[in-house]
Every structure is written in C-alpha cells, then in structure tokens.
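These are my notebook entries on a single model. I set down what I looked up, in the order in which I looked.

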Amino acid sequence: MAIKSRVFPLVVFSLIGVLPVSTALAEPPGQGAVLSASCAGCHGTDGRSPGSIPPIYGRSAEFIRTSLEDFRSGKRSSTVMGRHAKGYTDEEIALIAEYFANRQDEGGD
Ligand code: HEC
C-alpha cells in the first residue's frame, strides 16, 4: 500500500493546481453563468442595466450577494427583486454574485 499513499496526495495536489487554469482557458459556461442568464433580461449580460434598472456591473460579489439575500428575506424592499431572489438557494446566490463580480475583469469597458 506504499504506492497508494504516495500517489493519492500527488493526485489531489495536481488537481488543485490544474483546475483553475483549465477553467480560465476553456471557459465553459459554468453554473454561475447559467443562473445569471435570468438576470440578463433586466440587468444586461454583464450587469450594465439599460434604462431605469440599477446597474450591477462593477459591483462586488459581496454587494450582490447581500442585496439578493436582503431582497429575498424582505429586509430590503423592492418591486421585483424580492420575488426574483426567492427562487435561489444561498449557494446559487453565491455563484451568481461571483459571476457578475468577475464580469469587470474581462475588459468590457
Ligand atoms: C424583472 C427584471 C429584473 C430581473 C430579472 C432581475 N432584476 Fe435585479 N433589479 C431589478 C430592479 C427593478 C431593481 C431595483 C429594486 C427593485 O425595485 O426590485 C433591481 C435591483 C438589483 C440589485 C440592487 C442594485 C443596487 O444598486 O442596489 C441587485 C444587486 C440585483 N438587482 C441583482 C440581480 C440579479 C443577480 C438578478 C438575477 C438573479 C436580477 N437582479 C434579476 C430588476 C430585475
């Protein structure tokens, strides 16, 4: 069993090293992107909302996550966001927040 115990940490270590690189290169539509598509109709694909809808482009993941949680719980009043936010779990909200927070890194401006 000496081989197994030497190889296992090696595999785990190399996966940790490889995963972020491969996702950055290949950019498959992740779960965050898929979930965020439902926001695009109002906020734009990268959060640059048209018209009177508040833009979320350039906002931090923390701001977006807290906003959605507060809309969902009713702590923050809203016209549509409370109803919309109720459809997401905490985990999904975190993925959506990450997705929009990362839009600003892609040189859209
Ligand atoms: C039907 C249109 C609509 C959809 C869909 C929608 N939003 Fe909104 N959003 C709004 C409006 C309108 C507001 C202003 C608050 C209100 O009245 O509901 C808002 C406010 C916000 C705010 C607060 C912005 C600020 O500056 O305070 C955030 C963050 C936000 N939305 C994120 C999202 C995310 C993330 C999604 C997708 C999960 C989403 N919204 C989907 C219309 C929409």
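Is Gln-31 buried, partly exposed or exposed, and why? I found that Gln-31 counts as partly exposed because it has 13 C-beta neighbours inside 10 Å. The cut-offs I applied are these: a residue is buried with 20 or more other C-beta atoms within 10 Å of its own, exposed with 12 or fewer, and partly exposed in between, the C-beta atoms being placed from the backbone.

Entry on conventions. I note that this is a predicted model, in which local features need pLDDT of at least 70 and side-chain atom pairs count only at pLDDT 80 or more, whereas totals for chains, interfaces and linings use all residues. Residues are numbered from 1 along each chain as its sequence is written.

Entry on the overall fold. I counted five helices and zero strands in the protein, and the order along the sequence reads α-α-α-α-α. Helices here are DSSP runs of H or I with at least four residues, strands are runs of E with at least two, and both are numbered from the N terminus. Of the 109 residues in the protein, 17% are buried. I then looked at contacts, two residues being in contact if their C-beta atoms, placed from the backbone, lie within 7 Å. Among contacts with a separation of 6 or more, 55% are between residues 24 or more positions apart.

Entry on helix 2. Gln-31 has its place in helix 2. I looked up its distance to Leu-95, 64 residues away along the chain, and the two C-alpha atoms are separated by 7.2 Å. Helix 2 has 13 residues and reaches 18 Å from first C-alpha to last, close to the 18 Å expected at 1.5 Å a residue; the expected span is 1.5 Å times one less than the number of residues. I also recorded a kink of about 45° in helix 2, centred on Ala-37. The bend at a residue is the angle between axes fitted to the seven residues ending there and the seven starting there. Ser-36, Cys-39 and His-43 are the buried residues of helix 2, and they pack against helix 5. Just after helix 2, Gly-44 takes a positive phi of about 85°.

Entry on helix 5. With 14 residues, helix 5 reaches 20 Å from its first C-alpha to its last, close to the 20 Å expected. Its buried residues are Ile-93, Leu-95, Ile-96, Ala-97, Tyr-99, Phe-100 and Ala-101. Helix 2 and helix 3 are included in what covers them. I checked Ile-96 separately: leaving aside neighbours within four places in sequence, Ile-96 is in contact with Gly-32, Leu-35, Ser-36, Cys-39, Ile-64 and Tyr-88. Glu-92 also lies in helix 5, but is partly exposed, with 17 other C-beta atoms within 10 Å. Glu-92 and Arg-65, 27 residues apart in sequence, are 9.7 Å apart from C-alpha to C-alpha.

Entry on the core. Which residues have the most contacts inside the largest nonpolar core? They are Ile-64, Leu-68, Ile-96, Ala-97 and Phe-100, in a core of 13 residues. Helix 3 and helix 5 (90–103) each supply at least two residues of this core, and the largest share, seven residues, comes from helix 5. A nonpolar core is a set of buried Ala, Val, Leu, Ile, Met, Phe, Trp, Tyr and Cys residues joined through C-beta atoms within 7 Å.

Entry on the ligand. I found 17 residues around the ligand, of which Cys-39, Cys-42, Ser-78, Thr-79 and Met-81 come nearest. Helix 2 (31–43), helix 3 (61–73) and helix 4 (81–85) are the elements giving two or more residues to this shell, and helix 2 gives the most, with five. A residue is near a molecule if its C-beta atom, placed from the backbone, lies within 6 Å of it. The shell divides into ten nonpolar, seven polar and no charged residues. For that division, Ala, Val, Leu, Ile, Met, Phe, Trp, Tyr, Cys and Pro count as nonpolar, Asp, Glu, Lys and Arg as charged, and the others, Gly among them, as polar.

Entry on Gly-82. Gly-82 has its place in helix 4 and counts as partly exposed because it has 17 C-beta neighbours inside 10 Å. Not counting residues up to four places away in sequence, Gly-82 touches Phe-71, Arg-72 and Gly-74.
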